[in-house]
Amino acid sequence: MRRTVAQVVALVVVLLVLAAGAAVLWVALASPPQWQVTQQGVVLTEEASGAQVGVELLFVALGAAVAVLWGLVAGFVLRRLGWVVVPLTVAATLAASVLTWRLGVLLGPDGPEAVRSPQLGDSISARLAVDSPASFVVWAIAGLVGVLVVTWAAGRRPDVSERSAPALHP
């Protein structure tokens with residue numbers, strides 16, 4: 001029992017470390033929308049606001065990759081726990097998604113509200129943001145896909161008792 005608890009804790013810690021790494025990668029790779037300083041004030045053009053979709057898609061892609069990888073490992077290591085792996089995977093991957101989001105916002109650009117005296121013509125990066133709750137749910141779904149793949153693969157291997165059982169056909 002202690003070994004299993006230690007494995008669960010270790011796997012969750014690994015996931016949170018991967019989530020922190022995903023946050024750093026998200027900050028490095030994301031191209032947030034650019035606010036423009038005009039005579040009317042600080043504005044976000046329609047074209048620039050489309051960049052927010054790319055920021056969110058990157059968050060989802062990084063999360064799906066991290067979660068499916070973790071789900072594969074967790075599904076393999078914890079397979080003897082049975083159904084408990086499912087809620088554990090959902091909870092852990094949702095926590096990881098929130099950690100990545102919050103770290104990304106903290107480490108990313110400050111946004112236009114942080115600029116004290118913008119000059120006419122300046123471009124100011126928007127804060128990294130995740131606007132849709134579905135982006136967080138993708139992390140959980142991807143983790144469950146990893147667990148499902150391991151469960152399916154383990155079910156495809158014949159058990160030793162099945163191979164050695166005598167045929168019942170006359």
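Colleague: Is T100 buried or exposed?
Modeller: T100 is buried, because its relative accessible area is 1% and the cut-off for buried is under 20%. Keep in mind that this is a predicted model.

Colleague: Which element is T100 in?
Modeller: T100 sits in helix 4, which covers residues 85-107.

Colleague: And what is T100 in contact with, leaving aside its neighbours within four places in sequence?
Modeller: T100 then touches A19, A22, A23, W26, F59 and W139.

Colleague: How do helix 1 and helix 4 cross?
Modeller: Their axes come within 8 Å and cross at roughly 30°. The contact involves residues of helix 1 including L15, A19, A22, A23 and W26, and residues of helix 4 including A92, T93, A96 and T100. The crossing of helix 1 past helix 4 is right-handed.

Colleague: What about helix 3 and helix 4, at what angle do they pack?
Modeller: Helix 3 and helix 4 pack at about 145°, and their axes are 10 Å apart. This crossing is right-handed. From helix 3, the residues that meet helix 4 are F59, A67, W70 and G75. On the helix 4 side they meet V85, T89, A92, T93, S97, T100 and W101.

Colleague: What does L15 touch, apart from neighbours within four places in sequence?
Modeller: V66, W70, A92, T93 and A96 are in contact with L15. Take A92: it is 77 residues from L15 along the chain, yet their C-alpha atoms are separated by 7.6 Å.

Colleague: And L11, what is its relative accessibility?
Modeller: L11 has 9% relative accessibility, so L11 counts as buried. L11 is in helix 1 too.

Colleague: Change of topic. Where is V130?
Modeller: V130 is in the loop between strand 3, residues 123-125, and helix 5.

Colleague: Is V130 buried or exposed, then?
Modeller: V130 is buried, because its relative accessibility is 12%. Leaving out neighbours within four places in sequence, V130 is in contact with W26, Q52, E56, F59, W101, S135 and F136.

Colleague: How many residues apart in sequence are Q52 and V130?
Modeller: They are 78 residues apart in sequence, and 8.5 Å apart in space from C-alpha to C-alpha.

Colleague: What share of the contacts is between residues 24 or more positions apart?
Modeller: Such pairs make up 78% of the contacts in the protein chain with a separation of 6 or more.

Colleague: Which helix gives the most?
Modeller: Helix 5 does, with 4 residues. V149 is in helix 5, and because its relative accessibility is 42%, V149 counts as partly exposed.

Colleague: Last bit, the whole chain. How many helices and strands are there?
Modeller: The protein chain has 6 helices and 3 strands. From the N terminus on, their order is α-β-β-α-α-α-β-α-α.

Colleague: And what percentage of the residues is buried?
Modeller: Buried residues are 32% of the 170 in the protein chain. The protein chain exposes about 10,300 Å², and carbon and sulfur atoms supply 68% of that area.

Definitions and conventions: Residues numbered from 1 in each chain as written. Predicted model: local features only at pLDDT ≥ 70, side-chain atom pairs only at ≥ 80, totals over all residues. Heavy atoms only, no water. Helix = DSSP H or I, 4+ residues; strand = E, 2+ residues; numbered from the N terminus. Buried < 20%, exposed > 50% of the residue type's maximum accessible area, 1.4 Å probe, protein only. Contact = heavy atoms within 4.5 Å. Areas by Shrake-Rupley, 256 points an atom, 1.4 Å probe, with all protein chains shown as cover. Axes fitted to C-alpha atoms, helices over the stretch in contact; angles between N-to-C directions. Left-handed = near helix turned anticlockwise from the far one by under 90°.
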